[in-house]
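Have a look at the model, then read on.

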Amino acid sequence: MIIKHNEGLAKYTTFKMGGIATNFYVPESRIELVQLLKSLNEYNIIGGVSNLLINDKAVFTNVIHLVKFDDNITSLGDGKYYVGASVRLQKLINTVNNDGFGGIEYLFSVPGLIGGAIVMNAGRGRQFNQQISDYIVSVDAIYNGEIVTLSKEECLFQYRNSIFKHSDYLIIGVLFKFSEMKIEESKRLKNERIKLCREKQDSSGFNFGSVFCKYNPTIMKVAPLLRVEFNSNVRFSKKTQNWICNSGKGTYKQTLKLIKLLELMHKMSLKKIEREVIVWE
Ligand SMILES: Cc1cc2nc3c(=O)[nH]c(=O)nc-3n(C[C@H](O)[C@H](O)[C@H](O)COP(=O)(O)OP(=O)(O)OC[C@H]3O[C@@H](n4cnc5c(N)ncnc54)[C@H](O)[C@@H]3O)c2cc1C
């Protein structure tokens, strides 16, 4: 297991913002992970760190990075795969595509690990009704020191939500069943996705994907015009609605102020708003 002390977290996040981990653990096997969990009372978990806003002034005692403990993909035949939580989405998609299966090519651009993608029930925009849970059979997790298996129904998947979000479950592996798909078709879908991202996604700053999973599009249109501080280095994107871009010099305080301002505007207009990004205060 890799152990570091007083480790800066910003470099691990896609938003390039974060505080300090007094103890930073990178378990390299399931056994190491289970033993580590037994030895700690409190901890925070990170995967691909692509949906997290972390307070740049905070100190977190124990942070566990799940990037290495299990990145195995085991084919069980007939489109079934058992996948470790450390596996990157792109690796899973390429593996199943090469075997003639598919279904989640729209996640080819998403910089997350399988564990994080299950927690967030990662998918396409609401109008498409396509998410990773469409192909899940069951999820293995550590809960209260025990390994438990949850059926798809028990995972309570909803749009960008699951039983795992804001809970004590730690996902270790997932059983998927994918659909048959010709290699040419999966290639086409991946290329289409890459093209769409180049055209539509703002790459002018660092981001964590969508800020809110529920919002009013009309109110959100004014978001790029908002400034919480003169010369603020974080702003809502003009190109990609519902994204915040960080120039690299933005602060947590500025980012949270922007998010809270949008929430207040929705509240005053009696419109619903719900955060997608996970915030570590
Ligand atoms: C450029 C960009 C594009 C994106 N596009 C999309 C998109 O198209 N669709 C979409 O849905 N999302 C998108 N996202 C958001 C994000 O990438 C996804 O939600 C992703 O699945 C999060 O995975 P992660 O491994 O990065 O999770 P993290 O950000 O590391 O963690 C998210 C949450 O899950 C918890 N967690 C992580 N791993 C585990 C585990 N094994 N067990 C228990 N809890 C765990 C963390 O503690 C945290 O609470 C995008 C983000 C970026 C930066």
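In this predicted model, the largest nonpolar core has 42 residues, and I118 and F176 touch the most other members. A nonpolar core here is a set of buried Ala, Val, Leu, Ile, Met, Phe, Trp, Tyr and Cys residues joined through side-chain atoms within 4.5 Å; buried means under 20% relative accessible area, exposed over 50%, and partly exposed in between (1.4 Å probe, protein chains only).

**Cores**
- Elements giving two or more residues to this core are α1 (30–39), β7 (80–84), α2 (89–98), α3 (114–120), β9 (136–143) and β11 (170–177), where helices (H or I, at least four residues) and strands (E, at least two) are DSSP runs numbered from the N terminus.
- β11 gives the most, with five residues.
- Beyond its neighbours within four places in sequence, F176 is in contact (heavy atoms within 4.5 Å) with residues including Y81, L92, I118 and Y135.
- Another core, of 20 residues, lies apart from that one, and L53, F212, L226 and Y252 are among its members.

**Rings**
- There are nine aromatic pairs, meaning rings of Phe, Tyr and Trp (its six-membered ring) with centres within 6.5 Å.
- Y81, F101, Y135, F176 and F178 form a cluster through such ring pairs.
- R124 puts its charged end over the ring of F128, 3.6 Å from the centre; that label needs NZ of Lys or CZ of Arg within 6 Å of the ring centre and within 35 degrees of the ring normal.
- R126 does likewise over the face of Y159, at 4.1 Å from the ring centre.

**Salt bridges**
- The count is twelve, using a side-chain nitrogen of Lys or Arg within 4 Å of a carboxyl oxygen of Asp or Glu.
- R30 and D70 pair up at 3.9 Å, N to O, with R30 in α1 and D70 in the loop between β5 (59–65) and β6 (73–77), 40 residues apart.
- R30 is partly exposed at 27%, while D70 is buried at 10%.
- K214 and E274 bridge at 3.6 Å, and since they sit in strands β13 (212–214) and β16 (274–275), the pair ties together parts 60 residues apart in sequence.
- K4, E7 and K11 are linked in a salt-bridge network.

**Ground rules**
- Residues are numbered from 1 along each chain as its sequence is written, and side-chain values use heavy atoms, leaving out hydrogens and water.
- Local features need pLDDT of at least 70 and side-chain atom pairs count only at pLDDT 80 or more, while totals for chains, interfaces and linings use all residues.

Conventions: Phe/Tyr/Trp six-rings, centres within 6.5 Å; stacked < 30°, edge-to-face > 60°.
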